[in-house]
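User: I am new to reading protein models. Could you take me through this one, feature by feature?

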Amino acid sequence: VEVAPCETLIIADVSRTFRGKHVLFENHGGRGQERLFNVLRAVSVYDETLGYCSGMNLIVGLLLIFLNEKDAFYVFISLLKGHKYKLRSMYLPDMPGMMISLYTLDKLLENTLPKIYNRFQEEHIEVHMFATTWIKAMFVSYFPIELVIRIWDIFFKEGWKIIYRVILGVLKHVEIVLLNDTYERICVYLNRELASEIAGKHDVIIDIALNKIKFTTIEMEDI
C-alpha cells in the first residue's frame with residue numbers, strides 16, 4: 001500500500017503526540033515519531049474499516065515507551081479486538097463503545113457516589129462533558145503518567161472495571177470541590193485543573209479506586 005488510509009491525519013497527530021512530555025517523542029521526525037507513525041499506519045492497513053481515529057496515537061505512544069514496534073502493534077490489535085478490552089468500538093465512526101462506556105459510568109456514578117451524582121444533576125453536568133476525552137485516550141496525556149501506568153497495569157489484567165473505578169475514585173477524591181462549586185467552575189476544574197491537582201497522588205487515587213469504590217463485575221456488566 002503506497003498511501004495508507006488516513007495517512008495525513010496520522011502524520012498530523014504523530015507530530016503532536018507526547019511533545020514536551022517524553023524524550024522519545026521530543027524531536028520532530030525523530031525515531032519516536034517514526035516508530036509511532038509506522039505502527040499507526042500498519043494498524044490502519046490491517047483494519048481498513050477502522051482506519052485511524054485520534055486517541056489511538058496516545059495509546060500506541062504509551063506502548064512504544066515500553067515495547068518495540070512489532071510488539072506494540074500486536075498488543076494494540078489485542079486491545080482493539082480482545083473481548084476483555086474491546087477498544088475498537090471506541091473508534092468506529094458512531095463510537096458505540098463510547099456511548100456504552102458513558103452510560104455505564106453514569107449509572108455507576110449514581111449507584112456509588114449519589115451525592116456527586118445528585119449535585120451534577122442540579123448543575124446539569126453530564127459525564128460526557130469531562131469523561132469522553134479521558135476514556136477515548138484511556139487517560140493517556142490527560143492524567144499524570146505515573147497514574148496512567150498504574151491504571152494500565154490493572155487494565156491489562158481485569159479490563160474495563162478499573163477504568164470506571166479510577167474515574168469514580170478521582171471524583172471522590174475531589175468531592176468537596178464538586179459538591180460546592182458552580183457549573184462553570186466544576187467544568188473548568190475537571191477539564192483543565194484536575195490533572196495538576198492529582199499529580200503525585202497516584203497511590204492515593206489507586207487506593208480509593210480499589211478500596212472505596214465498590215461495585216461488582218456483574219453489576220457493571222448488567223448495566
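Analyst: We will go from the overall fold to single side chains. Keep in mind that the model is predicted.

User: Where do I start, and how many helices and strands are there in the protein chain?

Analyst: Start with the secondary structure. The protein chain has 14 helices and zero strands. Read from the N terminus, its elements therefore run α-α-α-α-α-α-α-α-α-α-α-α-α-α.

User: How do I judge the overall shape, and what is the radius of gyration of the protein chain?

Analyst: The radius is set against a rule for globules. For the 223 residues here the rule gives 17 Å, and the protein chain has 18 Å, which is close, so the chain is as compact as a globular protein of that length. Along the principal axes, the C-alpha trace spans about 55 × 35 × 30 Å.

User: What percentage of the residues of the protein chain count as buried?

Analyst: The general idea is a cut-off: buried means under 20% relative accessible area. In this protein chain, 47% of the 223 residues count as buried. The accessible surface comes to about 11,100 Å², and carbon and sulfur atoms account for 53% of it.

User: What do contacts say about residues at least 24 apart?

Analyst: Take the contacts in the protein chain between residues at least 6 apart in sequence: 71% of them join residues at least 24 apart.

User: Are Arg-88 and Asp-47 buried or partly exposed?

Analyst: Arg-88 is partly exposed at 22% relative accessible area, while Asp-47 is buried at 6%.

User: Which other residues meet in a salt bridge?

Analyst: Glu-193 and Arg-185 do, at 3.1 Å from N to O. Glu-193 is partly exposed, with 27% relative accessibility, and Arg-185 is partly exposed with 34%. Glu-197 and Lys-201 also form a salt bridge, their closest N and O atoms being 3.1 Å apart. Glu-197 counts as partly exposed at 31%, as does Lys-201 at 28%. Salt bridges can also share residues: Arg-31, Glu-34 and Glu-69 are linked in a network of them.

User: How many disulfides does a search of the whole structure find?

Analyst: A disulfide needs two cysteine sulfur atoms within 2.5 Å. The search of the whole structure finds zero. Cys-6 shows why: the nearest cysteine sulfur, that of Cys-53, is 9.1 Å away, beyond the 2.5 Å cut-off. Cys-6 is partly exposed, with a relative accessible area of 34%, whereas Cys-187 is buried at 18%.

User: Can we finish with one residue? Where is the place of Asp-13, and which residues does Asp-13 touch?

Analyst: Asp-13 sits in helix α1 (residues 7-14). At 3% relative accessibility, Asp-13 counts as buried. Leaving out residues up to four places away in sequence, Asp-13 touches Tyr-52, Ser-54 and Asn-57. With Tyr-52 there is also a polar contact, 2.7 Å between the two side chains.

Conventions:
Residues numbered from 1 in each chain as written. Predicted model: local features only at pLDDT ≥ 70, side-chain atom pairs only at ≥ 80, totals over all residues. Heavy atoms only, no water. Buried < 20%, exposed > 50% of the residue type's maximum accessible area, 1.4 Å probe, protein only. Salt bridge = Lys/Arg side-chain N within 4 Å of Asp/Glu carboxyl O. Helix = DSSP H or I, 4+ residues; strand = E, 2+ residues; numbered from the N terminus. Rg over C-alpha atoms; globule rule 2.2 N^0.38 Å. Contact = heavy atoms within 4.5 Å. Areas by Shrake-Rupley, 256 points an atom, 1.4 Å probe, with all protein chains shown as cover. Polar contact = N/O pair within 3.5 Å; in protein donor to acceptor, adjacent residues only side chain to side chain.
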